[in-house]
Amino acid sequence: MNYLGIGVSPGNVPVYDGNNLKVIDRRVRVTELVLRCIIFGLAILGAILIGTDKQAKVIFSIEKIAKFTDMKALVFLVIANGLAAAYSLVQVLRCILSMIRGTVLFNKPLAWAIFSGDQLMAYLTLTAVAAAAQSAVFAKLGQTELQWMKICNMYGKFCNQVGEGIASSLIVSLSMIVLSAISAFSLFRLYGNSKGKGNAM
């Protein structure tokens, strides 16, 4: 008999119906594809917002231009966003191809490569966002002990656009963490299926 998509084996051990697993599998694919598309779009947006941000200010008859290259943390964040966008584009194409072929992963080495790549990008983007956020706090609040000025009081537009870029990058990093969990789920499910087939033989 079958209740709620769960069958009962001859040994009275509950087993999941194949159709139910296919539904879960399809949802995982769609979720992964949507997340990778979001990461691709927001990573490009974050890189553009920060990379094109600049503001000129005349101080004592001298024009000073604030640019993202003035803060190494912002340069790191732009690079991290660029890498995340490029990596996500490759993975989006891989997801589309796997959905057309009807398989999530082609083999175990590829599964490990995707898992490792997602982990690496998650750590990279999270580190870049943390570094940029720390620099942004110093620019906003200053540091009286070190005689650091509140830069955002002079370059308000520049700081606002940087904040938008950091917010976009934060969503990218959080999405990469979720994707790391999905790729880990897919990897261990692949190994679970292989063990199941081995026991059946």
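Q: Let me begin with one residue. In which helix is the place of Leu120?
A: Leu120 has its place in helix H3. Please keep in mind that the model is predicted.

Q: Is Leu120 buried or exposed?
A: Leu120 is exposed, with a relative accessible area of 58%. The cut-off for exposed is over 50%, and therefore a value of 58% places Leu120 in that class.

Q: How far apart are Leu120 and Met176, in sequence and in space?
A: Leu120 and Met176 are separated by 56 residues in sequence. In space, the distance from C-alpha to C-alpha is 9.4 Å.

Q: Let me step back. How many helices and strands does the chain have?
A: The chain has four helices and five strands. In sequence order, the pattern reads β-β-β-α-β-β-α-α-α.

Q: What share of the chain counts as buried?
A: Of the 201 residues, 36% count as buried. The accessible surface of the chain is about 12200 Å², and 68% of that surface belongs to carbon and sulfur atoms.

Q: And the contacts, what share comes from residues 24 or more positions apart?
A: Among contacts with a separation of 6 or more, 74% are between residues 24 or more positions apart.

Q: Back to helix H3, please. Is Asp118 buried or exposed?
A: Asp118, which is found in helix H3, is buried, with a relative accessible area of 0%.

Q: With which side chain does the side chain of Asp118 make a polar contact?
A: The partner is the side chain of Tyr87, at 2.7 Å.

Q: Which residues is Asp118 in contact with, leaving aside its neighbours within four places in sequence?
A: On that basis, Asp118 is in contact with Arg36, Tyr87, Met176, Leu179, Ser180 and Ser183.

Q: What about Ile114, is that residue buried or exposed?
A: Ile114 also lies in helix H3. Its relative accessible area is 5%, which makes Ile114 buried. The C-alpha atoms of Ile114 and Ala184 are 9.1 Å apart, although 70 residues separate the two along the chain.

Q: Now a new topic. What is the volume of the largest pocket?
A: The volume of the largest pocket is about 470 Å³.

Q: Which residues are closest to its centre?
A: The pocket is lined by 21 residues, and the closest to its centre are Met71, Ser135, Phe138, Ala139 and Ile151. Strand E5 (62–67), helix H3 (108–141) and helix H4 (156–200) are the elements that each give two or more residues to the lining.

Q: Which element gives the largest share of the lining?
A: Helix H3 does, with seven residues.

Q: How is the lining made up by class?
A: The lining has 15 nonpolar, three polar and three charged residues.

Q: How does one find empty space like that in general?
A: Rolling a probe the size of a water molecule over the atoms shows where empty space is left.

Q: Let us turn to helix H4. Is Ser168 buried or exposed?
A: Ser168 lies in helix H4 and is buried, at a relative accessible area of 6%. Not counting residues up to four places away in sequence, Ser168 touches Leu42, Leu45 and Gly46.

Q: And Ala80, where is that residue found?
A: Ala80 is found in helix H2, which covers residues 72–101. Ala80 is buried, with a relative accessible area of 1%.

Q: Which residues does Ala80 touch, not counting residues up to four places away in sequence?
A: Ala80 touches Met121, Leu124, Thr125 and Ala128. Ala80 and Leu126 are 46 residues apart in sequence, with 9.3 Å between their C-alpha atoms.

Q: One last residue. Where is Asp53 found?
A: Asp53 is found in the loop between helix H1 (18–51) and strand E4 (54–59). With 1% relative accessibility, Asp53 counts as buried.

Q: Which residues does Asp53 touch, again not counting residues up to four places away in sequence?
A: Asp53 touches Ala66, Lys67, Phe68, Lys157, Phe158, Gln161 and Val162. For one of these, Lys157, the separation from Asp53 is 104 residues in sequence and 8.7 Å in space, C-alpha to C-alpha.

Terms used. Residues are numbered from 1 along each chain as its sequence is written. This is a predicted model: local features need pLDDT of at least 70, side-chain atom pairs count only at pLDDT 80 or more; totals for chains, interfaces and linings use all residues. Side-chain values use heavy atoms; hydrogens and water are left out. On a 1 Å grid over the protein atoms alone, a cavity is a set of points where a 1.4 Å probe fits but cannot get out, and a pocket is an open set with protein on both sides within 12 Å along at least five of seven lines; lining residues have an atom within 4 Å of a point. Grid points are joined across faces, edges and corners, and a volume is the space filled by probe spheres set on the points. Ala, Val, Leu, Ile, Met, Phe, Trp, Tyr, Cys and Pro count as nonpolar, Asp, Glu, Lys and Arg as charged, and the others, Gly among them, as polar. Buried means under 20% relative accessible area, exposed over 50%, partly exposed in between (1.4 Å probe, protein chains only). Contact means heavy atoms within 4.5 Å. Accessible areas come from the Shrake-Rupley method with a 1.4 Å probe; for residues, only the protein chains shown count as cover. A polar contact is a pair of N or O atoms within 3.5 Å; within protein, one must be able to donate a hydrogen and the other to accept it, and residues adjacent in sequence count only if both atoms are side-chain atoms.
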